[in-house]
Amino acid sequence: MSNEAIAIRPMAADDYEGVAAILRVVLRESVKGEDVQEEDAKLPKENAFKYDNQGRLCGYGRLRLVAANPDGDVVGYGLAWRAPWTAPGELNHTLAVLPQARGQGCGGALYAQLEGWASEHKAHRLNYVVREDDPAALSFAGRQGFEIDRHMHESVLQLAGDSGSAGALEPETAAQAPEWTIVPYAKLPEDSREASVYGVYRDTQLDIPGFSGDYLPLSEWRIHVLGMAGSAPEHLFVALVGDIPVGVAHVLIEPESSELYCEFTGVLRTYRGRGIATALKRHCIRHARACGVRTLRTHNDSHNAPMLAINRDRLGFKAMPGEYRMCKLLPRD
Ligand SMILES: CC(C)(COP(=O)(O)OP(=O)(O)OC[C@H]1O[C@@H](n2cnc3c(N)ncnc32)[C@H](O)[C@@H]1OP(=O)(O)O)[C@@H](O)C(=O)NCCC(=O)NCCS
């Protein structure tokens, strides 16, 4: 297959299966075509870019491209997108080419169109995530002018066997009962839980190292956090002091999966350093066991010292290869 034989075209409604297959093979995401389609249905159909008073790109917009071989098979996928809460001027990229179609200009052709579109819309920073154990993708990103911004490693805790994570489960002997209780989101009063738990998410997410932009509004949080694949009201745990939510831990469990993904843990600043996040994570581990899950996964920013202290030092999560967050600055007029 030569470069000329590859057609780059906008993603169409019958490409979901092909794109999901690429995401599974290249990015090791456990997605089906229907998952990609479902996520898609949550997003606006039309781009709505705006510019702020400094001329920076704002608002919502995306471009989705596929690369097809002469038989019409989808062998590559390119996505550029921003949400209204993405930092001004920035676009996020995903680029993936099936191993059998590599080395023939497919990625370069997709990337050229993504960057052309970004320049046309005056984006000034492109973000790209590359798996740490994919040297070809790292070198590709380097050749396109991307530089490493942050490192996230994957952390894994095996629960196999009754004693597999015994240390992680046992809280240190406390002199007195903790000042907090932990309840599933589903058990909170229905009229106030959304706003109060959203508030904990909003105030703590901004403290994640490297977080930029605004936190998404409540209406979007409902769709993109509560509505995430694998999320359920009984998998979102809330730490209460009295009846005030002060911390959250959210885990995702796909039906019939033997793995659980810890999506987020956050504790309000005033309540940090008291062991609340550790207690929330232990609660998640017990929940995982009760659900028959054998493996817990999460991602940790190498600069997030408190989260590393909890996951690695206290609970025994093991560091695995993760991903680099890379970025490229585009010239501004
Ligand atoms: C990470 C976070 C959830 C921790 O909450 P917390 O309730 O303070 O956590 P705990 O009290 O259970 O434990 C904190 C541990 O971090 C350690 N720690 C805190 N700051 C640290 C630092 N700068 N360097 C090293 N260790 C640090 C504490 O000593 C403690 O460990 P210890 O009990 O063994 O001494 C909280 O800081 C937070 O909400 N951050 C913003 C959101 C975030 O980054 N979430 C993680 C991404 S999913």
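**Note on the predicted model and its ligand site**

1. Start with the ligand. Strand E11 (259-267), helix H8 (276-290) and helix H9 (305-314) each supply at least two residues of the shell around the ligand. Of the elements in the chain, H9 gives the most to this shell, with six residues. Keep in mind that this is a predicted model.

2. How many residues surround the ligand? The count is 21, and the closest are Thr265, Val267, Gly273, Gly275 and Thr278. By type, the shell holds ten nonpolar, seven polar and four charged residues.

3. Next, the polar atoms at the ligand. Thr278 places a polar side-chain atom 2.5 Å from an oxygen atom of the ligand. Arg272 also uses its side chain: one of its polar atoms lies 3.3 Å from a ligand oxygen. With Arg274 it is the backbone that takes part, through a polar atom 3.3 Å from an oxygen atom of the ligand. On its own, the ligand has 970 Å² of accessible area, and the protein covers 70% of that.

4. Now step back to the chain. Its secondary structure comes to nine helices and 13 strands. The C-alpha atoms fill a box of roughly 70 × 50 × 35 Å along the principal axes. Does the radius of gyration agree or disagree with that of a compact globule? It agrees, because a compact globule of 333 residues would have a value near 20 Å and the chain has 21 Å.

5. Buried residues make up 48% of the 333 in the chain. The chain exposes about 16500 Å², and carbon and sulfur atoms supply 52% of that area. Take the contacts with a separation of 6 or more: residues 24 or more positions apart account for 67% of them.

6. Look at Asp40, in helix H2 (residues 33-41). A polar contact of 3.0 Å links the side chains of Asp40 and Arg64. Setting aside neighbours within four places in sequence, Asp40 is in contact with Tyr16, Lys45, Arg62 and Arg64.

7. Trp221 sits in helix H7 (residues 218-226). Its relative accessibility is 0%, so Trp221 counts as buried. Which residues does Trp221 contact, leaving aside neighbours within four places in sequence? They are Tyr185, Glu194, Val197, Tyr198, Tyr201, Tyr215, Leu216 and Leu226. Arg202 is 19 residues from Trp221 along the chain, and their C-alpha atoms are separated by 9.4 Å.

8. Two residues to check lie between H1 and H2. Arg28 is found in the loop between helix H1 (16-26) and H2. Beyond neighbours within four places in sequence, Arg28 is in contact with Leu23, Arg131 and Asp133. Lys32 is also found in the loop between H1 and H2. With a relative accessible area of 46%, Lys32 is partly exposed, because the value falls between 20% and 50%. Not counting residues up to four places away in sequence, Lys32 touches Ala20 and Arg24. Lys32 and Ala20 are twelve residues apart in sequence, with 5.4 Å between their C-alpha atoms.

9. Last, the backbone at Lys122. This residue has a positive phi of about 65 degrees although it is not a glycine. Where is Lys122 placed? Lys122 is in the loop between helix H3 (106-120) and strand E6 (125-131). Lys122 is partly exposed, with a relative accessible area of 44%. Arg28 and Lys122 are 94 residues apart along the chain, and 32 Å separates their C-alpha atoms.

How values were computed. Residues numbered from 1 in each chain as written. Predicted model: local features only at pLDDT ≥ 70, side-chain atom pairs only at ≥ 80, totals over all residues. Heavy atoms only, no water. Near = heavy atom within 4 Å. Polar contact = N/O pair within 3.5 Å; in protein donor to acceptor, adjacent residues only side chain to side chain. Areas by Shrake-Rupley, 256 points an atom, 1.4 Å probe, with all protein chains shown as cover. Helix = DSSP H or I, 4+ residues; strand = E, 2+ residues; numbered from the N terminus. Nonpolar A, V, L, I, M, F, W, Y, C, P; charged D, E, K, R; others polar. Rg over C-alpha atoms; globule rule 2.2 N^0.38 Å. Buried < 20%, exposed > 50% of the residue type's maximum accessible area, 1.4 Å probe, protein only. Contact = heavy atoms within 4.5 Å.
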